[in-house]
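Reader: I would like to learn how to read the surroundings of a single residue. Could we go through one together?

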Amino acid sequence: DGPSMQDIPRYPNATEGESMGQSSPGGLLSGSLSQFTTTDSFDQVLKFYTDALSQYAPELMSHTSELGRQTAISMPQKNGMVSVVIQEFTEEGTVNITLMAVGG
């Protein structure tokens with residue numbers, strides 16, 4: 001069935017930011033989101049999550065923008081998707097980590 005949000009490890013020493021959850025009547029569409037920030041390098045964070053989630057055969061999508069690099073690591077669930085999005089902000093010297101679950 002794939003991992004749940006509770007199966008996704010939290011990056012060590014990351015600062016927790018916003019979190020939210022939403023559920024619709026009947027539970028047909030639900031989701032949750034948790035954000036974290038670290039001053040560790042993008043490569044360190046990416047390696048941590050690719051190693052930690054390798055058992056789920058994740059799909060990775062990466063691109064680079066003027067702000068920095070970004071990689072989304074997605075793993076299907078029975079009725080949805082769990083993703084880890086890693087975003088590099090080179091000017092700020094930070095990396096944002098967003099954990100998302102969508103689906104029932």
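**Around threonine 71**

Author: Gladly! Threonine 71 touches Phe42, Leu46, Leu60, Met61, Ser62, Val84, Val85 and Ile86, leaving aside residues up to four places away in sequence; contact means heavy atoms within 4.5 Å. This is a predicted model, where local features need pLDDT of at least 70 and side-chain atom pairs pLDDT 80 or more, while totals for chains, interfaces and linings use all residues. Residues are numbered from 1 along each chain as its sequence is written, and side-chain values use heavy atoms, without hydrogens and water.

Reader: Is threonine 71 buried or exposed?

Author: Buried means under 20% relative accessible area, exposed over 50%, and partly exposed in between (1.4 Å probe, protein chains only). Threonine 71 counts as buried because its relative accessibility is 2%. Of the 104 residues in the protein chain, 32% count as buried.

Reader: Which side chain makes a polar contact with the side chain of threonine 71?

Author: A polar contact is a pair of N or O atoms within 3.5 Å; within protein, one must be able to donate a hydrogen and the other to accept it, and residues adjacent in sequence count only if both atoms are side-chain atoms. Here the partner is the side chain of serine 62, at 2.8 Å.

Reader: Where does threonine 71 sit among the elements?

Author: Helices (H or I, at least four residues) and strands (E, at least two) are DSSP runs, numbered from the N terminus. Threonine 71 lies in strand 4, residues 69-77. The chain has 1 helix and 6 strands, in the order β-β-α-β-β-β-β from the N terminus.
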